[in-house]
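This report describes the sheet, the helices and the aromatic rings of one protein model. The sequence and the structure are shown first, and the description follows.

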Amino acid sequence: MNDLFSLQGRVALVTGGSRGIGRMIAAGYLRQGAARVYITARKAEQCAATAQELSKPGGECIPLPCDISTMEGTKALAAEIGKREKSLDILVNNAGAAWGEPFDTFPEKGWDKVVDLNMKTPFFLTQALHGLLKAAAKDRPAKVINVASIDGISVNPWETYSYTASKAGLIHLTKRMALRLAQDNIIVSGIAPGPFPSEMNKEARDHGDEVAGHVPAGRIGRDDDMAGVAIYLASRAGDYVLGETIAVDGGVTIARG
């Protein structure tokens, strides 16, 4: 069983890995034996601080501060990984953005910013890293994990039009990418987080007890809840999970109906 869930010696890239869900995943990978986990963030200081905190003997966390909301940033990140590694075992497309505003005033920039980072970036970053993922997949399946949201599965009460649409699109994109990349022994799957404390989900972060009252499991998500599913999908245990997005939400989605 230890071998089944092991990430021993693996190399991973987690976008948006300096805080929140990305940090939870990066920390979990390092605890599970990953040799190197690269993390990205727009803020260089925060990215470096997180990398220093997460690095451990036998497992290095490496900061790569960059803005991957543009094609130029995406290509630059892929090129930097290519300079450092001959192959990439795991890519976690976690970086994301949200925008909330009433319907009558919701602006175009609220669509462009969110859709570009939440949908376009996962596609084009995976495309740019395709060669490194294929190189890793010669020996065992490489993994691409797209971090969506339960708001892409069921409707919430907030006016986050572009966010919910982009996450629903990412869930469907995960299926389409999975069918194509399976030809190269690259397994694509997804995670749809529910209420986890993060900068993206300030309600869960700042009012955890109140939010927990609306969660069937009776609590908000913990670091190990996210790390566990991310390790499962990245390890040999998840090799036969193709194109599926797993809701990790304490039952919120099914409670919405």
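A crossing of two helices is called left-handed if the near helix is turned anticlockwise from the far one by less than a right angle, and right-handed if clockwise. Helices (H or I, at least four residues) and strands (E, at least two) are DSSP runs, numbered from the N terminus. The model is a predicted one, in which local features need pLDDT of at least 70, side-chain atom pairs count only at pLDDT 80 or more, and totals for chains, interfaces and linings use all residues. Residues are numbered from 1 along each chain as its sequence is written, and side-chain values use heavy atoms, with hydrogens and water left out.

**Helices H3 and H4**

The crossing of H3 and H4 is right-handed. Helix H3 covers residues 71–84 and helix H4 residues 108–128; they pack at an angle of about 35°, with their axes 9 Å apart. Axes are lines fitted to C-alpha atoms, for helices over the stretch in contact, and angles run from 0 to 180 degrees between N-to-C directions. On the side of H3 the contact (heavy atoms within 4.5 Å) is made by Met 71, Thr 74, Leu 77 and Ala 78, and on the side of H4 by Thr 121, Phe 124, Leu 125 and Ala 128. By class, the contact of H3 with H4 has six nonpolar, two polar and no charged residues. Here Ala, Val, Leu, Ile, Met, Phe, Trp, Tyr, Cys and Pro count as nonpolar, Asp, Glu, Lys and Arg as charged, and the others, Gly among them, as polar.

**The sheet**

Strands of a sheet pair through backbone hydrogen bonds, either parallel or antiparallel. In this model, seven strands form an open sheet in the order E3-E2-E1-E4-E5-E6-E7, with parallel pairing; two strands pair if DSSP finds at least two bridges between them. Strand E3 (60–65) and strand E7 (245–248) are the edge strands, each pairing on one side only. From one strand to the next, the twist averages 20°. Strand E4 (residues 90–93) and strand E5 (residues 142–147) run parallel and are joined by four bridges. Ile 90 stands opposite Lys 143 in E5.

Helix H6 (residues 161–181) lies across E5, strand E6 (186–193) and E7, and runs at about 165° to E6. Helix H9 (residues 223–234) lies across E4, E5, E6 and E7, and also runs at about 165° to E6. Asn 185 is placed in the loop between H6 and E6. Asn 185 has a positive phi of about 65° although it is not a glycine.

**Aromatic pairs**

A search of the whole structure finds four aromatic pairs. Rings of Phe, Tyr and Trp (its six-membered ring) pair if their centres lie within 6.5 Å; planes under 30 degrees apart count as stacked, over 60 as edge-to-face and the rest as tilted. Two of the pairs are listed below.

| Pair | Centre to centre | Angle of planes | Type |
|---|---|---|---|
| Phe 106 and Trp 111 | 6.2 Å | 65° | edge-to-face |
| Phe 123 and Phe 124 | 5.0 Å | 90° | edge-to-face |

Ring pairs also link Phe 103, Phe 106, Trp 111 and Tyr 161 into a cluster. Buried means under 20% relative accessible area, exposed over 50%, and partly exposed in between (1.4 Å probe, protein chains only). Phe 106, at 15%, is therefore buried, whereas Trp 111, at 36%, is partly exposed. Phe 123 has 33% relative accessibility and so counts as partly exposed; Phe 124, at 25%, is likewise partly exposed.
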